[in-house]
Amino acid sequence: MKKLFRILTLVLVICLLTLSLVSCAAKGTVYASLRASRVVATVGDVEILYEELYFMAMNYIAELKEKHGENALQDEAVRAELDAFVWESFVCRETALISLGYEYGLDVFEGDIAASVQQEIEDMLENNFNGDRKAYVEALASQYMTDHYLRRFFAVEEELANAIVLEMLYRGEVQSSDAEVLATLRGESFVRTVHVFIDKNNAAYTEAQHRAHAAEVQASVAAATTDAARFEAMNDAIGGKYNHDFSDPLGKGYYFTYGEMDKAYEDAAFALDEYGVSDVVETEDGFFIIMRLPKDDDYITTNFEMLKGKSYFVTLNQKVDAKLSAMTLTKTKFGARLDLTALPEIDPDGGNLLLMWSAVALVAVAGGVVLLVVFRYRSRQKKGN
């Protein structure tokens with residue numbers, strides 16, 4: 001009899017765990033499917049999952065085929081380029097940021113970060129897909145993305161840095177007095193720029209024409225021989241027909257530190273002298289011509305509270321840079337065996353489906369165990385009688 005109760009208790013525990021998992025799924029917790037969640041490499045203490053590798057490899061393969069033709073991967077040099085790009089892409093600031101988050105007890109799939117991302121996913125589902133999850137999943141598949149990986153992307157890009165900064169403030173690890181903040185804002189960790197932006201996605205011209213227009217703008221501004229003349233030429237270009245960015249109509253400029261802008265933009269901006277003009281800087285979205293300007297103390301005073309918040313990220317960036325400099329990638333045995341040109345597909349919504357089917361299977365097994373135990377117990381009782 002005691003053995004029977006032990007078995008039934010175990011079955012009850014299994015059922016409760018199953019119900020708990022199903023409840024989590026209903027609340028938006030998402031788990032990667034078995035293949036998607038396999039670890040292909042580690043970078044420091046951060047695990048790189050198959051779904052990340054699949055996203056990077058498949059999208060880069062599409063770029064290589066567009067550039068070199070459909071048979072591009074038959075070229076050994078192209079295959080080597082693919083392999084180097086994909087694996088090296090994981091040793092990056094985003095991975096270092098995740099690792100730093102671990103030090104502060106922050107996980108992108110837990111707590112307030114996960115709750116914020118869940119709300120963002122729900123808003124996107126409603127606003128972009130009219131609540132049609134099937135259309136959302138199809139869009140993920142078209143980009144070789146999974147729901148689980150998209151959540152990680154949103155968490156790292158939009159939530160994690162702020163959460164770490166709040167933890168650093170709580171622990172007193174950032175300079176927060178007004179005098180310290182002013183020294184940071186006036187120092188070399190902050191820069192002020194203006195720019196002309198030419199959008200690749202603007203359908204009025206081809207990408208080649210946009211690139212030519214960017215070169216034309218850059219040459220006209222850089223040709224000026226004095227600071228005042230270059231500044232005037234830059235203002236003319238900002239108001240000219242090729243500029244697609246109107247977010248700074250008064251020409252006050254953008255005040256920022258590392259980690260806020262596209263890396264190519266930041267690298268160019270911090271390398272400039274005051275009133276210096278960059279070469280054409282190409283990003284995924286378009287082409288920039290950047291001018292660095294001296295900082296305006298009146299602007300800093302008027303916008304001090306906003307800039308103060310930005311200044312906290314200087315310390316964060318220093319910590320991230322230190323993390324990144326010590327990071328190396330180590331492939332797992334599974335990752336080392338993979339051929340990036342023939343990666344098995346993954347279900348973009350596999351986490352939720354896997355969880356629900358697992359729940360059904362566990363309930364079925366648990367129910368079967370209960371019925372079997374009860375049947376055998378009754379059979380023994382009858383024989384005993």
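This is a predicted model: local features need pLDDT of at least 70, side-chain atom pairs count only at pLDDT 80 or more; totals for chains, interfaces and linings use all residues.
View 1. Two strands count as paired if DSSP finds at least two bridges between them. Helices (H or I, at least four residues) and strands (E, at least two) are DSSP runs, numbered from the N terminus. Lys331 in S7 is the bridge partner of Ala41. S1 (residues 39-43) also pairs with S2 (residues 46-49), again in the antiparallel sense, over 4 bridges. Leu49 in S2 is the bridge partner of Val39. With 2 residues between them, S1 and S2 form a hairpin, and Gly44 in the turn has a positive phi of about 65°. Residues are numbered from 1 along each chain as its sequence is written. Local features need pLDDT of at least 70, side-chain atom pairs count only at pLDDT 80 or more, totals for chains, interfaces and linings use all residues, and side-chain values use heavy atoms, with hydrogens and water left out.

**View 2. The open sheet of 4 strands.** The strand order is S4-S3-S6-S5, and the pairing is antiparallel. S4 (254-256) and S5 (281-282) stand at the edges, each with a single partner strand, so one side of each is left without a neighbour in the sheet. S5 is joined to S6 (residues 286-293) by 2 bridges. Phe287 in S6 is the bridge partner of Glu282. Helix H10 (residues 227-238) packs on the sheet and touches S3 (191-199) and S6; the direction of H10 makes about 40° with that of S3. Contact means heavy atoms within 4.5 Å. Axes are lines fitted to C-alpha atoms, for helices over the stretch in contact, and angles run from 0 to 180 degrees between N-to-C directions.

**View 3. Helix H11 and what covers it.** H11 spans residues 263-271, and Tyr265, Glu266, Ala268, Ala269 and Phe270 in this helix are buried. Buried means under 20% relative accessible area, exposed over 50% and partly exposed in between (1.4 Å probe, protein chains only). The cover over the buried residues of H11 includes S3, S4, S5 and S6. At the start of the helix, a side-chain oxygen of Asp262 reaches to within 3.0 Å of the backbone nitrogen of Ala264.

**View 4. The crossing of helices H2 and H7.** The axes of H2 (residues 50-68) and H7 (residues 147-170) come within 9 Å and cross at roughly 85°. That makes H2 roughly perpendicular to H7; angles under 35 degrees count as roughly parallel, over 145 as roughly antiparallel, 65 to 115 as roughly perpendicular and the rest as oblique. Glu51, Glu52, Phe55 and Met56 of H2 meet His148, Tyr149 and Arg152 of H7.

**View 5. The surroundings of Tyr136.** Tyr136 lies in helix H6 (residues 133-142) and is buried, with a relative accessible area of 2%. Not counting residues up to four places away in sequence, Tyr136 touches Ile121, Met124, Leu125, Phe129, Asp147 and Leu150. The C-alpha atoms of Tyr136 and Leu125 are separated by 6.7 Å, and the two residues are 11 apart along the chain. The side chains of Tyr136 and Asp147 are joined by a polar contact of 2.4 Å. A polar contact is a pair of N or O atoms within 3.5 Å; within protein, one must be able to donate a hydrogen and the other to accept it, and residues adjacent in sequence count only if both atoms are side-chain atoms.
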